[in-house]
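I opened this entry to keep track of what I looked up, one topic at a time. The structure goes in first, and my notes follow.

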Amino acid sequence: MKKEKKQKKQIFDLYVSLGAACSCTETLRKAGLQFYSYPFDWLYGSDFLNRIKILNADFENWINKEDMLFMGERQFPLPRNIYVNKNTGIVYNHDFPVNIPLENSCPEVISKYERRIKRLFSLIKSSKRVLFVYLEMPNKNENISNETLIEGLNILQKKFSETDISILYLSNNADFNFNSRRTEAVNEKIIKMEFFYDARNKEIPYQVNTKELLKLFENYKI
């Protein structure tokens, strides 16, 4: 019987979650590839390229009180007010406690994100090879083009010129299981991949099948 050829492991000094929601950082953490919190980890809204543009602008106007629009409350896992930044489209649903006015809760939230931003930039600049990972929410296909992926890479590479930057872009597609996943090398630094990682929980439309995703990250290490 012919033995299956083992895939060569990809080695990076740092793995950075770009979103599009919590599932990306949760998967990287379970895979033993991420150890700290970064700015985009627990947020949703916006899209791949706009998140890169926010990063490129050093998160300018990231949380301006006057730009935050109230969207309601959530109770799980903790009671929180939900706000969206009307300029960036980023939704903050883990950060602002209920029953506390925005002007009172904003300073602590801003301070928390300033620490995460500083940590992210410091780690990128001290790393030789960095992989940015973007995991589409399973209920939202962004139909990203290769040109957009290349534009995003060029922005990141120009900003962090001393670091070797790569991108892994993952999209949910019910037509492919993990073993038959569609993989495209957009260029030598960008991989775009499609397979079915949806948990199909109608009550939680952003939920992913972590087991399927973790199979993929078995081929990555630090």
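Which elements do the buried residues of α2 pack against? I noted that the model is predicted, then looked this up. The buried residues of α2 pack against β2 (14-19), α3 (102-125), β6 (129-135), α4 (146-159) and β7 (164-172).

Entry on helix α2. I listed the buried positions of this helix, which covers residues 48-56. They are Phe48, Leu49, Arg51, Ile52, Ile54 and Leu55. Just past the end of α2, I found Asp58 with a positive phi of about 60°.

Entry on Phe48. I looked up its contacts and left out neighbours within four places in sequence. Phe48 is in contact with Leu18, Tyr134, Glu142, Ile144, Thr148, Leu149, Gly152, Ile167 and Tyr169.

Entry on the cores. I looked for the largest nonpolar core and found that it has 44 residues. Phe48, Trp62 and Phe132 have the most contacts inside this core. At least two of its residues come from each of β2, α2, β5, α3, β6, α4 and β7. The element that gives the most is α3, with eight residues. Apart from this core lies another, of 20 residues, and I wrote down Phe12, Cys24, Met193 and Val208 as being among them.

Entry on Asn93. Is Asn93 buried or exposed? Its relative accessible area is 9%, and the cut-off for buried is under 20%, so Asn93 counts as buried. I placed Asn93 in strand β5, residues 91-97. Leaving out residues up to four places away in sequence, Asn93 touches Trp42, Tyr44, Arg74, Arg80 and Ile82.

Entry on the whole protein. I counted five helices and ten strands in the secondary structure. Along the principal axes, the C-alpha atoms fill a box of roughly 65 × 45 × 30 Å. Of the 222 residues, 48% are buried. Among contacts with a separation of 6 or more, 60% join residues 24 or more positions apart.

Entry on surface and charge. The protein exposes about 12200 Å², and carbon and sulfur atoms supply 48% of that area. I found 34 positive and 28 negative side chains. The centres of these two sets lie 7 Å apart.

Technical notes: Residues are numbered from 1 along each chain as its sequence is written. This is a predicted model: local features need pLDDT of at least 70, side-chain atom pairs count only at pLDDT 80 or more; totals for chains, interfaces and linings use all residues. Side-chain values use heavy atoms; hydrogens and water are left out. Helices (H or I, at least four residues) and strands (E, at least two) are DSSP runs, numbered from the N terminus. Buried means under 20% relative accessible area, exposed over 50%, partly exposed in between (1.4 Å probe, protein chains only). Contact means heavy atoms within 4.5 Å. Accessible areas come from the Shrake-Rupley method with a 1.4 Å probe; for residues, only the protein chains shown count as cover. Lys and Arg count as positive and Asp and Glu as negative; His and the chain ends are not counted. The place of a charge is taken as NZ of Lys, CZ of Arg, CG of Asp or CD of Glu. A nonpolar core is a set of buried Ala, Val, Leu, Ile, Met, Phe, Trp, Tyr and Cys residues joined through side-chain atoms within 4.5 Å.
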